[in-house]
Structure formats: structure tokens, C-alpha cells
Amino acid sequence: MRRSAWLWGAPVACMLACNGGGGGDDTDTTDGTGSANTMSSAPSTGNTPGTTTDEPPTTGGPTTPTGTDGTSESSDTTPPVTTTDGTTGDPPDPNELGGPFRRGINIGVRNPSFPDPDGAWLAGQVGCNSIRVSLPERHLVTWGYDIEVSDIAAYAEMGLDHHIAFLTSPIAEHSTAPNGTPEWELAHYIPANLYEPAVVNGAINPDNYWAEYVYKTVSTYKDHVDMWEIWNEPDWVADWNYTETWDTDPPTKEQLVRFGGSIFDYVRMLRVSKEAALLADPDAKIALGGIGYPNFLDALLRYTDNPDGGAVSADFPETGAAYFDILNYHYYPLWTPGNSDAGADGFFASRDAFAAKMAAAGVPERPYNVTEVGAPKTALNGQPGGVEYARNFYVKVFARAQAEKFIGADWFILSDGDPGEPFGEMGLYQDIKDLGAKEDAVPSVTGVAARTLNTLLADSRADPPATAALGAPADVRAYAFRLPDDRQAIVAWAYALGTDESAQAHFDLPTDKSFDLHAWDSSQTGTSTPLAPEGGLLGLDLTASPVILVEQ
């Protein structure tokens with residue numbers, strides 16, 4: 001039963017490194033988004049005060065029905081699709097196959113001497129094209145709302161754009177935090193005056209502090225930020241048993257210790273954010289703040305922002321369903337036993353569990369984005385991990401997410417951190433802490449795999465009809481993409497049912513095209529293997545390590 005894949009550690013991970021914009025030399029050193037002071041004072045594990053009374057769950061699976069392998073019944077099925085456009089018999093126009101996929105990253109500030117553009121440059125070297133940007137109110141008020149404009153413009157020149165930005169951390173004067181609360185902890189308290197009108201006579205209301213902050217931020221950064229993530233992990237709890245009641249009872253302020261308000265307050269925050277953001281930019285999209293629990297979403301869809309029990313009234317006419325555009329969640333496979341396929345299945349089973357809640361509430365499904373996902377290169381504390389596991393997990397999650405029409409995903413994290421704990425082993429680079437120049441950074445094995453996938457699939461579009469036409473058997477996963485020049489690319493691997501990365505399978509791919517086969521490390525080796533079909537079939541001997549085939 002899925003408690004939360006990120007419950008026991010992601011908040012700490014995010015405090016350590018959820019950054020990119022609002023960081024580097026410009027950042028308030030106690031702003032809670034990865035500063036040195038925050039890192040030294042933050043807990044080193046997910047066992048923050050109040051969590052040690054309850055062991056973390058041993059499963060990371062969904063609350064939806066599961067098969068014998070622990071995956072969602074629907075997580076590996078491809079919906080029936082038509083292989084032509086239904087009118088001319090021609091293949092679909094690649095320009096109509098959906099938008100570009102966000103290959104995002106949480107940059108962090110592992111090396112405080114590297115300004116944010118250096119982190120962005122490193123991200124670009126491993127094929128990332130977008131960043132999860134941090135724009136907390138305290139940072140923007142301290143340094144000026146335009147403090148990150150030049151950096152974000154520099155990212156765009158490097159090919160990283162169309163970001164998601166998360167909004168959090170009111171200044172002390174705008175916070176409900178008690179007097180004397182440390183600055184890094186202000187990210188755990190909702191703003192004051194949240195129930196003041198957001199807009200009065202067509203203008204932003206400065207008495208609603210959150211509305212004014214959102215309006216100013218969106219106005220300043222709308223040219224490069226497509227989605228606005230409201231808060232960070234508002235449903236984080238110290239004890240997952242609290243969540244067992246959320247299908248019938250509202251999540252309370254006392255339970256939501258990293259938000260500091262109730263579910264009604266979070267609905268209010270979404271409502272205020274949407275009204276303020278749309279006033280600044282009619283195209284603004286509001287994303288949930290990296291939630292982890294499907295029954296938190298259930299509560300969000302049941303209640304309004306009415307502080308009197310979330311009831312519908314003239315002043316509070318809509319549930320939370322009316323106030324978000326993107327269902328954004330976080331996922332880590334640390335409590336999903338098994339190999340990289342089990343971990344990847346859990347990622348999509350989480351999506352299925354959220355979708356089931358929306359369907360049950362009669363709410364149209366929303367596009368999906370994930371702003372934190374990562375896997376460690378070392379198996380620690382009896383949790384999944386390992387060099388092969390991490391690099392395979394990256395490719396499988398990002399390829400499948402693009403194929404299944406996610407807006408994007410943001411890997412956690414750019415650089416390895418302190419060894420000995422999982423979140424310190426997830427970097428796309430070996431530890432950059434002591435480097436003097438960004439050019440000295442060395443990609444990790446996960447970073448090599450990321451560069452291979454991201455470079456080969458750059459600017460590609462998912463092609464569901466072509467995926468269906470591949471006819472992959474049960475022991476193979478294969479996904480088709482259309483490159484900008486209309487060539488086909490295919491990502492394929494042997495689906496691993498066991499607990500290790502030793503799967504093997506043979507796949508006769510139906511095609512009359514010739515391909516170059518790229519292993520996970522081809523971006524490092526510079527090599528590929530040419531393959532030509534025989535009798536309309538291309539024979540592939542696959543392992544658990546995905547390969548990328550690119551049409552010649």
C-alpha cells in the first residue's frame with residue numbers, strides 16, 4: 001500500500017538542493033533552498049523529529065490494485081491507438097504528436113563558488129533542457145524581484161528554458177510563523193492575510209501578501225517559466241498513519257507540518273495563486289506542489305477554501321479542482337522493493353493512483369509533471385540502488401514519461417553529495433563540492449546515461465501509434481519517438497521481473513528501416529552499432545540496460 005515514495009527523506013533532499021535560480025552567490029544563506037547554513041542545520045536523514053516512532057513502509061506501491069509483481073495493473077499497458085491519422089492513412093504529423101518533453105533538473109548549490117549559470121551549464125552538458133527554479137519570496141524581497149532575470153536569460157542561451165518554478169517561503173513580516181522562527185524554517189508556515197481578496201477592482205491586492213508575491217514573480221519571470229509550483233510537498237507528514245484518515249477527514253494544520261496550514265488553506269493558496277498569476281499572465285499554469293499522497297489529492301478535490309470545514313458557499317464556490325492545471329508529484333523508489341523496472345513501475349503507478357482519484361471525483365485528468373525523482377548509485381539501508389539500477393532507472397523513467405505524455409520530469413539531483421545516504425548518491429555528476437572550475441566536473445554513470453538519452457532524443461516527440469505498432473512482447477518494453485527530421489527513435493529493454501538487473505529477452509522488431517544502436521554509454525564512448533532488418537524484422541537481444549535505436 002503506497003504511503004509515499006518520498007515520505008522518508010525527500011523534504012530533507014529538497015532542503016539540501018531544490019534550487020536553480022535563487023541560488024549561488026545571490027542566495028540568502030539561510031533561505032532554506034540549499035544554502036550552507038540550511039544544510040548544516042537540517043537533519044541528515046528523513047527521520048526528523050516525530051518520525052522515529054513509526055518505521056517507514058516496506059513497500060512503495062500504489063493504493064490501486066496491484067498484480068503479483070507489485071505494479072499497478074494499468075502501469076504497463078499502452079492504450080489502444082490508431083496507427084494512422086484516421087483520414088488519409090498517413091502516419092501522424094510529428095508536429096501534432098505533442099509538445100517537447102522537459103528534461104529537467106534540481107541544480108542545488110553543492111559548490112557555493114559556482115554561480116547558478118555554472119550549474120545550468122553542467123545540466124546542459126548532460127542533456128537537460130529545463131530547470132526546476134526556486135523563487136522564494138524571502139530571496140526576491142531581499143535582493144529585488146529581478147535578481148534572477150539575467151541568470152534565467154543565460155540559461156535560455158544555453159538551451160535550458162520553459163522552466164517550472166516553485167513558490168514558497170514568505171518573509172517573516174508576511175508569515176504566520178511565531179516570532180523568532182529561524183529564517184530557513186519560514187518555508188514551513190503559510191503566509192498571513194491569505195484570506196484577503198487576491199484581486200480588488202481588477203488590481204492585485206497588496207494586503208494579500210501571497211497574491212502580491214505571486215503577481216510580481218509571474219510578471220517578472222513569465223517569459224521563461226511555464227508552470228508555477230505552489231509550495232513544496234504540502235502533504236509531508238511526520239507519521240504516514242495520519243494519511244489513513246484523509247479519504248474521509250480533512251488534512252489538518254497539525255498534520256501538515258511542512259506547510260503550516262490545513263487542506264482548506266492549501267486550496268486557498270491555490271485559488272489566490274491562480275487569480276494572481278492569471279492577472280500577470282493569462283497563459284500561466286498552476287501546478288500542485290510536488291504532492292505524494294493520492295488521498296491528499298482526494299481531499300483537495302472534496303473541499304473548498306472555506307475555513308469553515310471546506311463547505312461550498314457563495315464566497316467559496318469551488319473545490320480545489322478549480323485551481324490547478326498541472327498534477328505535479330514527487331517520487332523516489334527507495335521503498336519500492338525490486339529492481340529498476342519495479343522502481344519505474346512505481347513511478348507510473350503513482351500517476352495511476354492520482355488519476356483514479358480524479359476519475360472518482362468526476363474531475364478531468366490533468367497533465368502530469370514530476371519535480372523530484374531520483375535513484376541512488378549505492379544500495380543503502382536495505383533500499384534499492386546501485387550503479388546499474390540508477391542509470392537504468394533514469395532512462396526507463398524519462399523514456400516512459402515522455403512516451404506517456406508527461407510534460408516533464410526533474411531529476412534529483414545535479415551533483416552527488418555526502419556519501420553514505422541515498423540522496424547523496426543520486427547526482428548526474430560526481431561530487432563537485434571542491435572543484436575550482438565547472439569544466440572539471442565528471443559525469444556519474446547516471447549522468448552518462450542521461451546525456452546519451454537526452455542528446456539522442458533532443459526535441460523529439462512521443463509517437464504512441466508507432467509505439468503500439470512495435471508490438472513488444474510481455475518481457476520487453478519499447479517506446480517510439482519522432483525526431484525533428486522525421487526519423488524514428490526507439491528506446492527498448494528487457495523487462496526485469498526479478499530483483500536484480502540481469503533480465504534478457506529477444507525481440508524481433510517489425511521494420512524495414514536500418515538503425516544505429518546506442519548503448520547507455522554511447523555519449524561517452526562515441527560508438528554505435530549499425531543494424532539492418534532481414535525479412536522485415538530487426539532481431540534484438542536485449543538486457544535490462546536500455547538501448548536507443550536511431551533511424552539511419
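Leaving aside its neighbours within four places in sequence, which residues is Ala 449 in contact with? Ala 449 is in contact with Arg 391, Val 395 and Trp 520, where contact means heavy atoms within 4.5 Å.

## About the model

This is a predicted model, in which local features need pLDDT of at least 70, side-chain atom pairs count only at pLDDT 80 or more, and totals for chains, interfaces and linings use all residues. Residues are numbered from 1 along each chain as its sequence is written, and side-chain values use heavy atoms, with hydrogens and water left out.

## The chain overall

The chain has 13 helices and 18 strands; these are DSSP runs numbered from the N terminus, with helices being H or I of at least four residues and strands E of at least two. Of the 552 residues in the chain, 60% are buried. Here buried means under 20% relative accessible area, exposed means over 50%, and partly exposed lies in between, using a 1.4 Å probe and protein chains only. Among contacts with a separation of 6 or more, 74% are between residues 24 or more positions apart.

Ala 449 is buried, with a relative accessible area of 1%. The C-alpha atoms of Ala 449 and Val 126 are separated by 8.5 Å, although the two are 323 residues apart along the chain.

Helix H10 (residues 387-403) and helix H11 (residues 445-456) have axes that come within 8 Å and cross at roughly 25°. That makes H10 roughly parallel to H11. For reference, axes are lines fitted to C-alpha atoms, for helices over the stretch in contact, and angles run from 0 to 180 degrees between N-to-C directions; angles under 35 degrees count as roughly parallel, over 145 as roughly antiparallel, 65 to 115 as roughly perpendicular and the rest as oblique. On the H10 side, Val 387, Ala 390, Arg 391, Tyr 394, Val 395, Phe 398 and Ala 399 meet Val 445, Thr 446, Ala 449, Ala 450, Leu 453 and Asn 454 in H11.

## Two enclosed helices

In helix H3 (residues 116-125), 7 of the 10 residues are buried, so H3 is largely enclosed by the rest of the structure. The buried residues of H3 pack against strand S1 (102-105) and helix H5 (149-157). Just after H3, Gly 127 takes a positive phi of about 90°.

Helix H8 (residues 294-302) is mostly covered, with 8 of its 9 residues buried. Those buried residues pack against helix H7 (263-280), strand S8 (327-331) and H9.

## A buried arginine

Arg 351 lies in helix H9 (residues 340-360) and counts as buried at 10% relative accessibility. Its side chain is joined to that of Glu 404 by a polar contact of 2.8 Å. A polar contact is a pair of N or O atoms within 3.5 Å; within protein, one must be able to donate a hydrogen and the other to accept it, and residues adjacent in sequence count only if both atoms are side-chain atoms.

## Backbone spots to check

Most residues other than glycine have a negative phi, and most peptide bonds are trans. Glu 233, in the loop between strand S6 (225-230) and H7, has a positive phi near 50° and is buried at 1% relative accessibility. Asp 486 has a positive phi near 80° and is partly exposed, with a relative accessible area of 42%. The peptide bond from Phe 412 to Ile 413 is cis, with omega near 25°.
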